[in-house]
Amino acid sequence: MKFFLLLSLIGFCWAQYDPQTQYGRTAIVHLFEWRWVDIAKECERYLAPKGFGGVQVSPPNENIVVYNPSRPWWERYQPISYKICTRSGNEDEFRDMVTRCNNVGVRIYVDAVINHMCGAGGGAGTSSTCGSYYNANNRDFPSVPYSGWDFNDGKCNGEISNYNDANQVRNCRLSGLLDLALEKDYVRSKVAEYMNRLIDIGVAGFRLDAAKHMWPGDIKAVLDKLHNLNTKWFSQGSRPFIFQEVIDLGGEAIKSSEYFGNGRVTEFKYGAKLGTVIRKWNGEKMAYLKNWGEGWGFVPSDRALVFVDNHDNQRGHGAGGASILTFWDARMYKMAVGFMLAHPYGFTRVMSSYRWARNFQNGKDVNDWIGPPNNNGVTKEVTINPDTTCGNDWVCEHRWRQIRNMVAFRNVVSGQPFSNWWDNGSNQVAFGRGNRGFIVFNNDDWSLSTTLQTGLPAGTYCDVISGDKVDGNCTGIKVNVGNDGNAHFSISNSAEDPFIAIHAESKL
């Protein structure tokens, strides 16, 4: 009995690191600013059939409406209340999405904005997505309700000015946003009440926005109040998956490791370093990726949520700077995402974006604020073109063949060891995942032509980057693996996608 109790406790302690995806689904996608009705359709028609494990959705709670500039993306990060009511849809549409996605085995993770309310300069009135009254000047949010007692003004009513002062980072205002006093049980209870409503609806977990700006102990106190997941879709006693936005590039007072007790953390060094390597900046080479992961100073793999880019840093915000690769750099971006999905480190999130009219002035995109594709502020439908790409300025990187097929690759090789590394000392590298998959990159300025040990059984395989396996044939390149596990690879440095990937289920 003691042993069983110990196992139960260990299971409970580890629960918040488990994404709660269905077995064999190992990657999630951030459908940034999508409407709930479009996410529901996408779960059914694409994400489930293609093996995606879940969706990170934009904050579903009521937020301030900003008209100057006109409806920016960041208005979603300025709460007015915890009503489920945004430009993505109302509560009925949200519930329908969660139900339909769960029914096809695709989990929903909510971007939870619980560090703050709207900006101190947000004024007063009913300019909010559900029409709730608020008065930012008086710290009055009657729809929660919060009053002046519930904010950190007593500790610090100014901006964060020194990131080497942990007290300031956690008690002062981030970009003028009214900082909630999360050490107060009343505030914790209101936050937990909101999150529990979402859990009861059927969400599987949360991204905690601005976690670095909250004390780890305050976050834990909120998490301790959370319900178990809905048993309609999750096994008895399942706990919500938690991943915390902690930007730790080193050299600041606050460390990612302080948050490990609460759940996973976003490893921002991952995309910044990988972008530097793929761009070949600062003398970096892909050959140096042999010890990628903890060997590069990243957090432990079982505590990391990793991504090539996110909604902040693809606009130059957040962390990583100019090295971050995005859909604007499509060729390099596909290589970076391919590498991430093939490599065993961390739990992976794919980005799905929208286009905006960029306007660079003095090296900065002054249009980095632009919200989702819209008609007079009403978010446009995500339309699907005949070639399965998206219309209406939705980029849908998750639908790019190279990325979608690498999500499948990751599922096929799950649990297999990193193996058969090869490099040319420069930017041609290859590695396998046990006997289930093998990937080769050529990021040099000359062609690759070599025979490599794949670790795979003999046979003919379809390269899932250049094409698909369809009706027992390949629409792209074929790779022949001999009885000894060796295969010959040729990749031109001018290829549209200078990498090849094969796996057990791409075998003819």
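Predicted model: local features only at pLDDT ≥ 70, side-chain atom pairs only at ≥ 80, totals over all residues.
I looked up the axes of helix α3 (residues 91-103) and helix α5 (residues 185-201): they come within 9 Å and cross at roughly 50°. Next I wanted the residues that make the contact. On the α3 side I noted Glu91, Phe94, Arg95 and Val98; α5 brings Arg197, Leu198 and Ile201. Sorted by class, the residues of this α3 and α5 contact come out as four nonpolar and three charged, with no polar ones.

**Entry: the open sheet**

Then I traced a sheet. It is open, has four strands in the order β20-β21-β22-β29, and its pairing is antiparallel. I jotted down the edges too: β20 (418-423) and β29 (499-503) each pair on one side only. From one strand to the next, the twist averages 10°.

I zoomed in on one pair inside this sheet. Strand β21 (residues 428-433) and strand β22 (residues 437-442) are joined by six bridges in the antiparallel sense. What stands opposite Ala430 in β22? I found Val440 there.

**Entry: helices on the sheet**

Which strands does helix α8 lie across? My note says β21, β22 and β29 for α8 (residues 330-342), with the helix running at about 150° to β22. Helix α9 (residues 401-413) packs on the sheet as well, and I have it touching β21, β22 and β29. The direction of α9 makes about 40° with that of β29.

How many cavities of 30 Å³ or more does the structure hold? I got one. The largest cavity has about 50 Å³ of space in it. I counted 13 residues lining this cavity, and Asn152, Arg170, Leu180, Leu182 and Asp218 are the closest to its centre. By class, I wrote down five nonpolar, four polar and four charged residues for the cavity lining.

**Entry: the open pocket**

Last, I checked the largest pocket, which has a volume of about 590 Å³. Its lining takes in 19 residues. Nearest the pocket centre I listed Trp73, Leu174, Ser175, Leu177 and Asp312. The pocket lining divides into eight nonpolar, seven polar and four charged residues.

How values were computed:
Residues numbered from 1 in each chain as written. Heavy atoms only, no water. Axes fitted to C-alpha atoms, helices over the stretch in contact; angles between N-to-C directions. Helix = DSSP H or I, 4+ residues; strand = E, 2+ residues; numbered from the N terminus. Contact = heavy atoms within 4.5 Å. Nonpolar A, V, L, I, M, F, W, Y, C, P; charged D, E, K, R; others polar. Pairing = 2+ DSSP bridges. 1 Å grid on protein atoms, 1.4 Å probe; cavity = no way out; pocket = protein on both sides within 12 Å on 5 of 7 lines; lining within 4 Å. Points joined across faces, edges and corners; volume = space filled by probe spheres on them.
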